[in-house]
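Here are some notes to read alongside the model, written as a colleague might jot them down.

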Amino acid sequence: MNGTLFCIFTLLYMLFGVLFYELRVLTFIDEVVTLLIALYAFFKILTRQIPFNKPFIIWLVVSFFYLIYSFVIESNEPEAIVSDFIMQSKPYLVFFGLLCIKPRLENLHFNLLQGVCWLSIFLLVAIYIHHPDDREVVTYGVMLTGEALSAVAILIGALYYLCCDRDSTATKLTTILIMSAGLLSPTSKFGATFVAAILILFFVGKPIKINLKYLIMGSVMLAAMFFVVKDEFIFYFVRDYQYNARPMLYIKMWEILSDYIPFGSGFATYANPASMIWYSPLYSKYNLDSIWGLGENSDMNFAADTYYPILAQFGYVGIALFIWFFYYIFKKINSCYNLTADIKRYKTALIIVCYILIQATSNALANERCVVAMSILVLALYKFRPTTRLTPLNSFGLDFARSVDSDINNTTTDESTVNK
């Protein structure tokens with residue numbers, strides 16, 4: 001994909017898929033963009049314009065297996081199954097699709113993306129100033145309510161940091177300043193991610209290894225993150241947990257995993273929007289329909305309040321695949337650093353992984369912002385590097401040599417792609 005075209009798409013998506021998404025002008029922009037990325041990557045593979053990508057093909061096979069499995073066991077209505085399949089596929093299609101395509105970004109394009117970041121953070125602050133109230137909960141039709149504003153600030157900061165030329169103190173401080181816009185609408189998830197980002201930016205100077213330094217750093221990070229989220233943790237998981245949807249979804253998750261060995265209950269059955277719209281029989285089967293927010297005739301928004309319980313739909317096999325996905329990401333992160341010694345991209349990838357894992361405590365992994373998060377993660381795992389290649393040129397019977405630019409990503413294997 002051309003780098004300029006990618007920058008244009010990024011700008012448009014930041015505007016209409018993130019900042020102005022709640023105006024409901026382009027409701028399906030995230031699904032459309034995801035589908036276009038996946039189809040383009042698949043077309044490139046079929047026409048042999050890019051190398052065969054085994055992880056992408058494996059993911060496609062696995063995902064369609066679960067789709068067919070859900071139809072066979074009749075987990076829910078057919079339209080519910082398809083709807084949930086599209087929703088749950090979104091982050092993985094973006095990740096594997098972009099990792100295949102590898103947009104050809106050069107220094108000019110990274111400078112353009114920095115401009116997109118500055119425009120986005122300006123608009124984010126302007127949105128807050130225009131409508132500073134109702135930031136605690138999601139309000140449809142109002143831009144960046146609930147956790148959206150703070151989550152977007154983290155993503156803008158991470159993209160800005162990735163696009164900078166140097167890992168200087170000024171760059172890190174500017175990144176933190178951009179992310180701190182999330183303090184306008186703070187949530188516990190933002191606080192935990194913000195703490196993790198600060199520690200990663202200032203205290204990770206080389207790849208993390210299991211030693212005393214990083215064990216201490218990890219302990220400090222976890223302690224600081226728990227201090228930030230402890231009030232919300234106590235509210236949801238300690239105080240009257242049996243009456244709250246979120247902890248009960250976690251608790252019943254293990255019963256479902258045990259009852260539906262090994263592939264789970266199937267799409268549109270548990271802890272997601274499709275199971276709310278087409279009411280899943282599992283809520284009554286496991287006595288969850290008596291809990292506020294999970295009853296068939298009540299406000300079902302709480303059924304899609306957290307992501308991790310959704311893994312019950314895919315069974316123990318699905319949990320193993322989820323863990324493998326992040327193992328694969330960490331292998332790519334370390335492989336890229338070994339090739340480039342670029343700690344900036346290494347730290348960007350760590351920040352986004354922390355963002356994804358923390359945001360998944362709500363149902364934010366598969367929402368419209370996941371497209372941006374996965375895009376930043378992929379950009380941290382490779383670099384388009386134009387190279388000069390000598391090719392023979394015959395003129396009047398004499399052989400000359402002329403240089404042409406070639407894309408290193410199309411002439412090397414997947415593992416030999418490198419970072420900026």
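1. Leu377 touches Phe95, Ile329, Ala349, Ile352, Val353 and Ile356, with neighbours within four places in sequence left aside; contact here means heavy atoms within 4.5 Å. Leu377 is also listed, with Phe95, Leu124, Tyr270 and Leu288, among the residues with the most contacts inside the largest nonpolar core, which has 134 residues. Such a core is a set of buried Ala, Val, Leu, Ile, Met, Phe, Trp, Tyr and Cys residues joined through side-chain atoms within 4.5 Å. H6 gives the most to this core, with 14 residues.

2. A word on the basis: this is a predicted model, in which local features need pLDDT of at least 70 and side-chain atom pairs count only at pLDDT 80 or more, while totals for chains, interfaces and linings use all residues. Residues are numbered from 1 along each chain as its sequence is written, and side-chain values use heavy atoms, with hydrogens and water left out.

3. For the overall picture, the protein chain has 16 helices and two strands; these are DSSP runs numbered from the N terminus (helices H or I, at least four residues; strands E, at least two). Of its 420 residues, 54% count as buried, where buried means under 20% relative accessible area, exposed over 50%, and partly exposed in between (1.4 Å probe, protein chains only). Among contacts with a separation of 6 or more, 72% join residues 24 or more positions apart.

4. How do H6 and H14 pack? Helix H6 (residues 148-163) and helix H14 (residues 343-359) have axes 9 Å apart, at an angle of about 165°. The two are therefore roughly antiparallel, a label for angles over 145 degrees, with under 35 roughly parallel, 65 to 115 roughly perpendicular and the rest oblique. Axes are lines fitted to C-alpha atoms, for helices over the stretch in contact, and angles run from 0 to 180 degrees between N-to-C directions.

5. Helix H10 (residues 245-259) and helix H13 (residues 315-340) cross at roughly 115°, and their axes come within 7 Å. That makes H10 roughly perpendicular to H13. Met253, Trp254, Leu257 and Ser258 of H10 make the contact with Gly315, Tyr316 and Ile319 of H13. The tally for this contact is five nonpolar, two polar and no charged residues.

6. Leu357 is also worth a look; this residue is found in helix H14. At 33% relative accessibility, Leu357 counts as partly exposed. Residues up to four places away not counted, Leu357 touches Tyr308 and Phe326.

7. Finally, some backbone points to check. Most residues other than glycine have a negative phi, and most peptide bonds are trans. The peptide bond from Ile261 to Pro262 is cis, with omega near 0°, and Pro262 sits in the loop between H10 and helix H11 (273-277). Ala268 lies in the loop between H10 and H11, has a positive phi near 65° and is buried at 0% relative accessibility. Glu74 has a positive phi near 55° and is exposed, with a relative accessible area of 65%.

Technical notes
Nonpolar A, V, L, I, M, F, W, Y, C, P; charged D, E, K, R; others polar.
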